[in-house]
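This briefing is intended for a reader who has the sequence and the coordinates at hand.

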Amino acid sequence: SGKSRPMRILQYVQRTAVQGDANSVISAVDSYCANVEWAMNVGDMKGEILDAVVLDVRPRWVLELGTYCGYSTMRIARFLPPGARLVTLEMNHHYAQVAKQILGHAGVDAQVDLLVGTSSALIPQLKKKFDLDKFDLVFIDHWKTSYLPDTKLLEECGLLASGTVLLADNVTCPGAPDYLQYVRNSPRYKSLYFPSQLEYLQVEDGMEKSIFLG
Ligand SMILES: O=c1[nH]cnc2c(O)c(F)c(-c3ccc(F)cc3)cc12
Ligand SMILES: [Mg+2]
């Protein structure tokens, strides 16, 4: 049943996860996607790398590019200090609709602003819309060909400051070679690769952590 994969994930969460308990919603999504049908959530292995970065950075302002069903949104939001905010951008209306409901079930929707639209159209509006000067952490997990142009756009919009951390998913699979070349060779970034595996599969993937040096 459930007309789409995101809908089927939402239904499984609504039937099995504890309302208001983000960890139980995260576990429900992982068990569904590991046992029933694969979906492009960052997953539990790479999710632990994401968790460690969030806990280390202790960000006041987080930007996520690519919400999908809200799995990584939950992983980040559950570790945010009070008063911190997570802005997540999703271009697919249906994904955003499902994510809103999953975030609501997890009880993290209060810290999250989910915007529907393309990152290239939304990024230039963020400074003004949220009256912020820079993001402390950016999680990049949308379309691979957008990683580099959106990073350059964030620089141009003055949304990165010295110390801002970029964490990019899928830099090995499906891969973002132009992005990797840029952050690894630019004097404006200190970059480090975290090897891991593709969500729910025995396939190599990894995340790239890049610190903007200003
Ligand atoms: O498009 C994507 N956006 C964000 N994250 C993704 C991801 O984590 C994937 F594994 C994949 C993926 C899809 C098909 C494959 F065969 C391998 C990876 C895609 C995305
Ligand atoms: Mg991904």
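Asp169 and Lys46 form a salt bridge through their side chains, with an N to O distance of 2.7 Å. Because Asp169 lies in the loop between strand S5 (165–168) and H8 while Lys46 lies in helix H3, the pair ties together parts that are 123 residues apart in sequence. The model is predicted. Asp169 also takes part in coordinating the magnesium ion (ligand 2), and is one of the residues that surround ligand 1.

**Salt bridges**

- The structure contains 12 salt bridges in total.
- Both partners of the Asp169–Lys46 pair are buried: Asp169 has a relative accessible area of 0%, and Lys46 likewise has a value of 0%.
- Lys46 has a further salt bridge, to Glu199, in which the closest N and O atoms are 2.8 Å apart. Since Lys46 belongs to helix H3 and Glu199 to the loop between S6 and S7, this pair ties together parts that are 153 residues apart in sequence. Lys46 and Glu199 are both buried.
- Arg184 and Glu208 form another salt bridge, with 2.8 Å between the closest N and O atoms. Arg184 is in helix H9 (residues 177–185) and Glu208 is in strand S7, so the pair ties together parts that are 24 residues apart in sequence.
- The two ends of the Arg184–Glu208 pair are described by separate values: Arg184 is partly exposed at 44% relative accessibility, whereas Glu208 is buried at 1%.
- Lys46, Asp169, Glu199 and Asp205 are joined into one network by salt bridges that share partners.

**Magnesium site**

- Asp169 is buried at 0% relative accessibility, and Asn170 is buried with a relative accessible area of 5%.

**Surroundings of ligand 1**

- The residues around ligand 1 are Trp38, Met40, Asp141, His142, Trp143, Lys144, Asp169, Asn170, Cys173, Pro174, Leu198 and Glu199.
- A polar backbone atom of His142 lies 3.1 Å from a nitrogen atom of ligand 1.
- Lys144 places a polar side-chain atom 3.4 Å from a nitrogen atom of ligand 1.
- The side chain of Asn170 has an N or O atom 2.7 Å from an oxygen atom of ligand 1.
- Taken on its own, ligand 1 has 420 Å² of accessible area, of which the protein covers 73%.

**Backbone geometry**

- Most residues other than glycine have a negative phi, and most peptide bonds are trans.
- The peptide bond between Cys173 and Pro174 is cis, with omega at about 0°. Pro174 is part of helix H8 (residues 171–175), and both Cys173 and Pro174 are among the residues surrounding ligand 1.
- Arg58 has a positive phi, near 45°. Arg58 sits in the loop between helix H3 (43–57) and strand S1 (61–65), and is exposed at 59% relative accessibility.
- Tyr200 has a positive phi as well, near 65°. Tyr200 is located in the loop between S6 and S7, and counts as buried because its relative accessibility of 18% is under 20%.
- Gly158, which follows H7, has a positive phi near 65°.

**Surface patch and buried elements**

- Trp38, Met40, Leu201 and Val203 make a nonpolar surface patch of about 320 Å². Trp38 and Met40 are also among the residues around ligand 1.
- Leu201 belongs to the loop between strand S6 (189–197) and strand S7 (204–212), and is partly exposed at 36% relative accessibility.
- Helix H7 (residues 147–156) is largely enclosed by the rest of the structure, because seven of its 10 residues are buried. Those residues are Tyr147, Leu148, Asp150, Thr151, Leu153, Leu154 and Glu155.
- Thr88, in strand S2 (residues 85–90), is buried at 0% relative accessible area. The side chains of Thr88 and Thr67 make a polar contact at 2.6 Å.
- Pro59, in the loop between H3 and S1, is buried at 1% relative accessibility.

Terms used
Residues numbered from 1 in each chain as written. Chains lettered and ligands numbered in written order. Predicted model: local features only at pLDDT ≥ 70, side-chain atom pairs only at ≥ 80, totals over all residues. Heavy atoms only, no water. Donors = N, O, S within 2.8 Å, 3.2 Å for Na, K, Ca; no water. Buried < 20%, exposed > 50% of the residue type's maximum accessible area, 1.4 Å probe, protein only. Patch = residues over 30% accessible without salt bridge, like charges linked within 9 Å, V, L, I, M, F, W, Y side chains within 5 Å. Areas by Shrake-Rupley, 256 points an atom, 1.4 Å probe, with all protein chains shown as cover. Salt bridge = Lys/Arg side-chain N within 4 Å of Asp/Glu carboxyl O. Helix = DSSP H or I, 4+ residues; strand = E, 2+ residues; numbered from the N terminus. Near = heavy atom within 4 Å. Polar contact = N/O pair within 3.5 Å; in protein donor to acceptor, adjacent residues only side chain to side chain.
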